[in-house]
Amino acid sequence: MIVRLAATDSLFANPEFWVAMSFVAFLALLVYYGVPAMLGRTLDSRAERIRKELDEARRLREEAQQLLADYKRKAAKAEDEARAIVDNAQQEAQALAAETRKALQDTLERRTRMAEEKIERAEAQAVSEVRAAAIERAVGAAERIIRARVDGDQGDVLIKDAIAKLPAKLN
């Protein structure tokens, strides 16, 4: 029995044992307050929002591709009309075909650029919103954890310091 007490005393005197017990207690507190579930819900909602934004970007891309296909069909139709005009009046048809091709190409390029810019803006907005949501969640979680662990002015100083350093660490 003395041997067992000596082994038990050495266990309680071991600082690594207390560090491990503190870590287990911290994890238990996190589970008790539902932090893993909250993080899961947050990540799920963020993933759903990103999925919707990506679906919208895909829809916009498909719409742009449809517009491009429509304009290609129109270009083919314009070329057929140009051939018929060439049969009637060679010189007039050549001038008309060149003018039509240039106008069509300008329109296609402009529409394509507009569609690409619209997609780029949607992607940039999605990235910006995801980044802002991540920063907001991280700040909120850090603030709650620090408030739970540190009291008074020291906690406020730590929170302000962490918030100031957060954007640099995320980029």
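These legends describe close-up views of a predicted model.

Local features need pLDDT of at least 70, side-chain atom pairs count only at pLDDT 80 or more, and totals for chains, interfaces and linings use all residues. Residues are numbered from 1 along each chain as its sequence is written, and side-chain values use heavy atoms, with hydrogens and water left out.

**View 1. Ring pairs link Phe12, Phe17 and Trp18 into a cluster.** The structure holds 4 aromatic pairs. Phe12 and Phe17 make an edge-to-face pair, 5.6 Å centre to centre with 80° between the planes. Phe12 and Trp18 make a tilted pair, at 6.0 Å and 35°. Rings of Phe, Tyr and Trp (its six-membered ring) pair if their centres lie within 6.5 Å; planes under 30 degrees apart count as stacked, over 60 as edge-to-face and the rest as tilted. Phe12 is partly exposed, at 44% relative accessibility. Trp18 is also partly exposed, at 44%. Buried means under 20% relative accessible area, exposed over 50%, and partly exposed in between (1.4 Å probe, protein chains only). Accessible areas come from the Shrake-Rupley method with a 1.4 Å probe; for residues, only the protein chains shown count as cover.

View 2. A salt bridge is a side-chain nitrogen of Lys or Arg within 4 Å of a carboxyl oxygen of Asp or Glu. Helices (H or I, at least four residues) and strands (E, at least two) are DSSP runs, numbered from the N terminus. Asp55 is partly exposed at 31% relative accessibility, and Arg58 is partly exposed at 48%. Asp55 and Arg58 also belong to a network of salt bridges with Glu48 and Arg51. A search of the whole structure finds 10 salt bridges.

**View 3. Two further salt bridges join Asp70 to Arg73 and Arg83 to Glu79.** For Asp70 and Arg73, the closest N and O atoms are 2.8 Å apart. Both lie in helix α3, with a spacing of 3 residues, about one turn. Asp70 is partly exposed, at 31% relative accessibility. Arg73 is exposed, with a relative accessible area of 55%. For Arg83 and Glu79, the closest N and O atoms are 4.0 Å apart. These two are separated by about one helical turn, because they sit 4 residues apart in helix α3. Glu79 is partly exposed, at 34%.

**View 4. Lys74, Arg110, Arg111 and Arg113 gather in a patch of positive charge on the surface.** Helix α4 (residues 90–149) gives the most to the patch, with 3 residues. Arg110 has its place in helix α4 and is partly exposed, at 40% relative accessibility. Patches are made of residues with over 30% relative accessible area and no salt bridge; like charges are joined within 9 Å, nonpolar side chains (Val, Leu, Ile, Met, Phe, Trp, Tyr) within 5 Å. Lys and Arg count as positive and Asp and Glu as negative; His and the chain ends are not counted. The place of a charge is taken as NZ of Lys, CZ of Arg, CG of Asp or CD of Glu.

**View 5. Arg59 and Ile119 have C-alpha atoms separated by 9.7 Å.** The two residues are 60 residues apart along the chain. Arg59 lies in helix α3 (residues 35–88). Arg59 is partly exposed, with a relative accessible area of 39%.
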